[in-house]
Amino acid sequence: MGKAFGWCSGVSLMCLPLWVVLFMAAFLGVFGYGVQWLVIKQVITLPYFLVFVLCLVAGCSICWFNTVCFVLCIRNFPTNRALALSLTISFNGVSAALYTLIANAINPDDETLYLFLNALVPLLASSLALVPILRQPPLQLLSTDTTSWDSFVFFVLNVLAVFTGLYLLLLNSLSSKASRARILLGGALILLLLPLCLPGIVCGRSWARRTVHTPAFCLEGPTFSSLDPDDFDQLHKELIGNDRNNNSSSVNPFSETNKEGLFGMIMEKGRLTVLGEEHPARLLVRRLDFWLYYVAYFCGGTIGLVYSNNLGQIAQSLGYYSQISAIVTLYSSFSFFGRLLSAAPEFMRDKLYFARTGWLAIAVVPTPIAFFLLAASGGEAALLASTAMIGLSSGFIFAAAVSITSELFGPNSVSVNHNILITNIPIGSFLYGLLAALVYDSNVKSSNQENLLEEAMVCMGRDCYQQTFIWWGCISLLGLISSLLLFFRTRLAYYGYQRNRSRTQVS
């Protein structure tokens with residue numbers, strides 16, 4: 001429900017300084033999670049409705065933090081925006097494992113610690129981040145050498161993220177004892193703090209260049225960096241000019257054969273011709289490209305998220321109750337690496353350029369395959385393979401979506417536009433969850449093994465979710481079709497951007 005009101009954070013960023021919105025998010029979390037912790041500790045007593053409101057406030061805190069992080073990446077890393085966003089969203093995927101380590105290191109038997117940590121840790125992190133946010137220098141025109149160095153730094157950060165993710169996700173199962181959890185937590189903190197050494201290396205490199213007057217650290221990163229901020233603005237104007245003056249000379253594969261008919265109309269009517277053009281909310285909701293994007297996310301990424309929310313009950317109904325923890329860890333691991341994988345197109349864009357909306361369509365492909373595999377087989381191998389595919393697919397979509405939103409509908413409007421996009425998450429969570437619940441409940445009484453567990457009926461067998469998997473597979477096919485239509489409508493804008501980018505770099 002916090003995501004349903006996430007657009008409020010974007011509106012707040014238009015009126016307030018970023019650091020103010022950051023601390024608003026932190027104090028929403030302190031209030032939402034902190035008061036819930038007091039309720040569970042029986043320090044205070046509240047009616048159910050107020051506890052529900054606390055959950056809503058806590059959900060708003062999460063969404064507000066995400067918005068602040070996205071805006072920080074877009075404002076401060078314009079040349080490597082996609083890499084910064086991918087890295088930020090990837091670490092979202094391992095935060096649960098980190099919190100588990102901290103909680104187990106303090107007291108493995110106290111589950112209320114999670115609420116307490118959710119209240120305090122983000123506030124502490126916001127306080128530490130305040131200094132660099134306030135002292136951030138204004139953006140300057142970057143040299144080619146500096147841009148290449150930044151890209152190399154992001155490459156190193158992604159390598160560190162892989163090691164950190166493997167460490168947190170694979171060793172998390174060993175942290176059940178407090179003494180062992182403290183040792184593992186120490187290693188995790190070292191890995192998390194290691195990237196803070198990179199600014200020191202950058203400053204040392206700059207000092208050496210000024211002092212020695214020789215090219216120190218001649219590390220040329222891969223040539224996959226984007227344009228400088230001023231170049232991007234110049235290219236944006238050039239693209240608009242080219243499209244207005246030379247639109248007739250553009251090669252459109254649909255212009256000759258599909259001008260008539262429904263498909264041709266879908267391909268041509270109101271399609272985007274340039275990237276980065278700002279879309280206020282009122283213009284956004286009138287764009288067909290936005291609604292194709294919305295359906296692709298709704299039927300692709302969101303359905304994977306709902307699957308993860310039901311994963312424990314799915315495993316239980318198939319008879320793998322003892323392996324729930326391992327299956328959830330498998331989903332988290334592949335979701336994390338799917339998020340990191342979303343940066344791959346940026347690293348190889350000069351050797352193999354493909355529109356980011358095309359990568360989105362490719363990322364949706366594993367989801368329907370996984371659901372139909374689950375419907376066809378209730379075996380352990382099918383469950384593990386499908387969970388891995390859905391985690392990889394949804395992780396990629398979550399990480400790539402922010403970059404796609406900023407490219408298609410403008411970087412300055414992303415704080416509002418992306419929060420409008422993710423309103424599909426609460427809608428999808430309700431509708432897909434309701435569908436799964438109706439199918440599950442209808443099979444409880446017909447189940448061969450009818451169990452009573454804590455006054456709740458438990459359905460056992462493949463029938464509990466088989467129809468749900470078929471429905472979810474068909475819905476995800478709709479998401480694949482929508483993402484393909486979005487790709488076909490936007491690829492000319494992407495290729496035009498890449499062509500003019502290459503021309504600008506050569507000149």
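Me: What does buried mean here, as a cut-off on relative accessible area?

Reply: Buried means under 20% relative accessible area, exposed means over 50%, and partly exposed is in between. The model is a predicted one. Cys60, with a relative accessible area of 13%, is therefore buried. Cys474 has 41% relative accessibility and so counts as partly exposed. Of the protein's 507 residues, 50% count as buried.

Me: How many helices and strands does the protein have?

Reply: There are 23 helices and two strands. Among contacts between residues at least 6 apart in sequence, 81% join residues at least 24 apart. The protein exposes about 24,500 Å², and carbon and sulfur atoms supply 66% of that area.

Me: Which cysteines form a disulfide?

Reply: A disulfide is a covalent bond between the sulfur atoms of two cysteines. In this model the count is one disulfide. The pair is Cys459 and Cys464, with sulfur atoms 2.0 Å apart. The link is left-handed, with -90° about the S-S bond. Cys459 and Cys464 are both buried.

Me: How many salt bridges does the structure hold, and which residues form them?

Reply: Side chains of opposite charge can pair when their charged atoms come close. The structure holds three salt bridges. One of them joins Asp110 and Lys41, whose closest N and O atoms are 3.5 Å apart. This pair links distant parts of the chain: Asp110 is in the loop between α5 and α6, Lys41 is in the loop between α2 and α3, and they are 69 residues apart. Lys41 is partly exposed, with a relative accessible area of 39%.

Another salt bridge joins Arg489 and Asp289, with closest N and O atoms 2.7 Å apart. Arg489 belongs to helix α23 and Asp289 to helix α13 (residues 288-299), so this pair ties together parts 200 residues apart in sequence. Both Arg489 and Asp289 are buried.

Arg356 and Glu407 also form a salt bridge, their closest N and O atoms being 2.9 Å apart. Arg356 lies in helix α18 (residues 356-364) and Glu407 in helix α20 (residues 380-409), so parts 51 residues apart in sequence are tied together by the pair. Arg356 counts as buried at 10% relative accessibility, and Glu407 counts as buried at 15%.

Me: What does Ser482 touch, away from its sequence neighbours?

Reply: Ser482 is in helix α23 (residues 463-506). At 5% relative accessibility, Ser482 counts as buried. Not counting residues up to four places away in sequence, Ser482 touches Leu292, Val295 and Ala296. Ser482 and Ala296 are 186 residues apart in sequence, yet their C-alpha atoms are 5.3 Å apart.

Me: Is Asn104 buried or exposed, and what is in contact with it?

Reply: Asn104, in helix α5 (residues 95-106), is buried, with a relative accessible area of 10%. Leaving aside neighbours within four places in sequence, Asn104 is in contact with Ser175, Ser176, Ala178 and Ala181.

Me: What span should helix α2 have, and what covers its buried residues?

Reply: Helix α2 (residues 18-40) has 23 residues, which at 1.5 Å a residue should span 33 Å; the end C-alpha atoms are 33 Å apart, so the two agree. The buried residues of α2 include Leu18, Phe23, Gly29 and Tyr33. Their cover includes α1, α3 and α6 (113-134).

Me: Which residues form the nonpolar patch on the surface?

Reply: The patch consists of Met1, Phe5, Trp7, Val11, Tyr48, Phe49, Leu50 and Phe52, with about 870 Å² of accessible area together. The elements giving two or more residues to the patch are α1 (7-15) and α3 (48-76). Helix α3 supplies the largest share, four residues. Tyr48 is in α3 and is exposed, with a relative accessible area of 70%.

Note on methods:
Residues are numbered from 1 along each chain as its sequence is written. This is a predicted model: local features need pLDDT of at least 70, side-chain atom pairs count only at pLDDT 80 or more; totals for chains, interfaces and linings use all residues. Side-chain values use heavy atoms; hydrogens and water are left out. Patches are made of residues with over 30% relative accessible area and no salt bridge: like charges are joined within 9 Å, nonpolar side chains (Val, Leu, Ile, Met, Phe, Trp, Tyr) within 5 Å. Accessible areas come from the Shrake-Rupley method with a 1.4 Å probe; for residues, only the protein chains shown count as cover. A salt bridge is a side-chain nitrogen of Lys or Arg within 4 Å of a carboxyl oxygen of Asp or Glu. Buried means under 20% relative accessible area, exposed over 50%, partly exposed in between (1.4 Å probe, protein chains only). A disulfide is a pair of cysteine sulfur atoms within 2.5 Å. The expected span of a helix is 1.5 Å times one less than its number of residues. Contact means heavy atoms within 4.5 Å.
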